[in-house]
Amino acid sequence: MTASPSVVPRRVWGGTTLLILGRLFGSACTFVSLYVLAHHLEGEDFGRYTFYLAVFVLLDSLTDFGTGQLAVQRTAHDADAVPEVLAATRRIRLGLGAIGFVLAGGGAVLFGEPGAWWILLASLYPMTHVYELSNTVFRNRIAWSVPVAVRAIGSFTSLAFVLVLVQLGDREPAHMLLATALGSTLANGLLHLACRRHLPQRRPTSVPWGEMLRAALPLGIASLCQQAYFYVDNLFVRAWCDEEDLGHYNIAVRVLSVLIMGALYATQAAMPWLVREHHAGRLGEAVAKLSQPLFALAGLGCGLLAPWSEPILSIFGARFETAGPSLRWLLGATTTIYAGAAVMTALVAAGRMRSILAIAAIALGVNVIGNFMLVPTRGIEGAALATFATELTVVLGGLIVLERAGIHVLRGARAWAWLGGPLGFAAAWWISSQLPLA
């Protein structure tokens, strides 16, 4: 018989708040950059820039390959294992970063993309994620002040580089991509320097990178699938629509990426706690306590925004209003992500790596099929609808796996609280639609 579950630690909510504030600052920098470039670059050039931003997100995921989460999962309750775990995961990241460099940068050169050599140079950036792994010591302590400050510096630096190029009259999208990558590179280096004095001083007795790679393989492939189903719609939109539509759609996706930060950062901050709650036999209750209020708030917030999709996008220019229907579907996907993030993190905490891979692979299949069927007929709205269907698949799949593992997330005295997400979304949409949108 397990003890009654503890409340969510204050450090989790404090860490989530810091991460959100940092992300808000980073997103503000990103949105200023996108706003400036949307008016500075031609429509096709802006679309190409946002396309390669999506490619770099995939490179980040390839380089990480689940090693960040695995490092926390292996060391959150065993600090003595930090030197060996970090040595192994760093070696994995270095190798995978080199593969990503060849695929993205080499592919740009091989296919003759405009500015290919600049893209090749920018593709070196994901390899600096080797240094980012030092952040494991802060993650285990749920201490986020230093990492957030360093990331803010990196975001501001990227923006500054882009603005300098714009001021100089540069109109090459590949130069803007390199400027963005340089800021992130600086942040990874500074983060490692800030973490050095907190790292264990002893040298690792072994570097079990082979064993760690086998452990990370399901999680890494799942992470790639997750990023693929989040960004693969770029390929379909670019193939069946024009590149200007791609730029409009990616702005709507950027709105989603800002709105989901509460879910991502709450679960990221809570990961060490969830690992410990799993070992105490209280994982199901912990997930419910963490996720239910966030899910309800997400439903309310996204429902309020839904009728205002076109005015929100018009901030970047009147032509971006065409992505309004897409943004409404993406707001539904955002609400769903607030339930799915905690569910998938619970699977990581429980060590259910193969289940995560299976769910991600199925979700990728749903996304590809959905895009293939919907984008030719409904354009960028079809891509957003496919994203919503994909996120719903992830939630349902995760809940089924947890239930079969005896981790009961939907049961308990407050099971009714899971209705807060969909009911809040519907009620808020109705209320917001009564307001004068003019």
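Q: What makes arginine 93 and aspartate 64 a salt bridge?
A: In this predicted model, the closest N and O atoms of arginine 93 and aspartate 64 are 2.5 Å apart, and because a salt bridge is a side-chain nitrogen of Lys or Arg within 4 Å of a carboxyl oxygen of Asp or Glu, the pair is counted as one. Arginine 93 lies in helix 4 and aspartate 64 in helix 2, so the bridge ties together parts that are 29 residues apart in sequence. Residues are numbered from 1 along each chain as its sequence is written, and side-chain values use heavy atoms, with hydrogens and water left out. As this is a predicted model, local features need pLDDT of at least 70 and side-chain atom pairs count only at pLDDT 80 or more, while totals for chains, interfaces and linings use all residues.

Q: How do you know that the span of helix 4 agrees with what its residues should give?
A: The expected span is 1.5 Å times one less than the number of residues, so the 29 residues of helix 4 (residues 82-110) should span 42 Å, and the end C-alpha atoms, 40 Å apart, agree with that. Glycine 112 follows helix 4, and its phi is positive, near 65 degrees.

Q: Why are glutamate 381 and arginine 378 called partly exposed?
A: Glutamate 381 has a relative accessible area of 22%, so it is partly exposed, and arginine 378, with 39%, is therefore partly exposed as well. Salt bridges that share partners join Asp64, Arg93, Glu132 and Arg151 into one network. Glutamate 381 and arginine 378 also form a salt bridge, their closest N and O atoms being 3.1 Å apart.

Q: What makes up the nonpolar patch on the surface, with about 470 Å² of accessible area?
A: Trp240, Ile369, Phe372 and Met373 form this patch, and helix 17 (residues 353-404) gives the most to it, with three residues. Patches are made of residues with over 30% relative accessible area and no salt bridge, like charges being joined within 9 Å and nonpolar side chains (Val, Leu, Ile, Met, Phe, Trp, Tyr) within 5 Å. Tryptophan 240, in helix 11 (residues 233-240), has 43% relative accessibility and so counts as partly exposed. Accessible areas come from the Shrake-Rupley method with a 1.4 Å probe, and for residues only the protein chains shown count as cover.

Q: Where in the chain is confidence lowest, and where is it highest?
A: Judged by pLDDT (the predictor's confidence in each residue, from 0 to 100), confidence is lowest in helix 10 (residues 209-231), at a mean of 76, and highest in helix 18 (residues 420-433), at 93. The chain has a mean pLDDT of 84, and 96% of its residues reach 70 or more.

Key. Helix = DSSP H or I, 4+ residues; strand = E, 2+ residues; numbered from the N terminus. Buried < 20%, exposed > 50% of the residue type's maximum accessible area, 1.4 Å probe, protein only.
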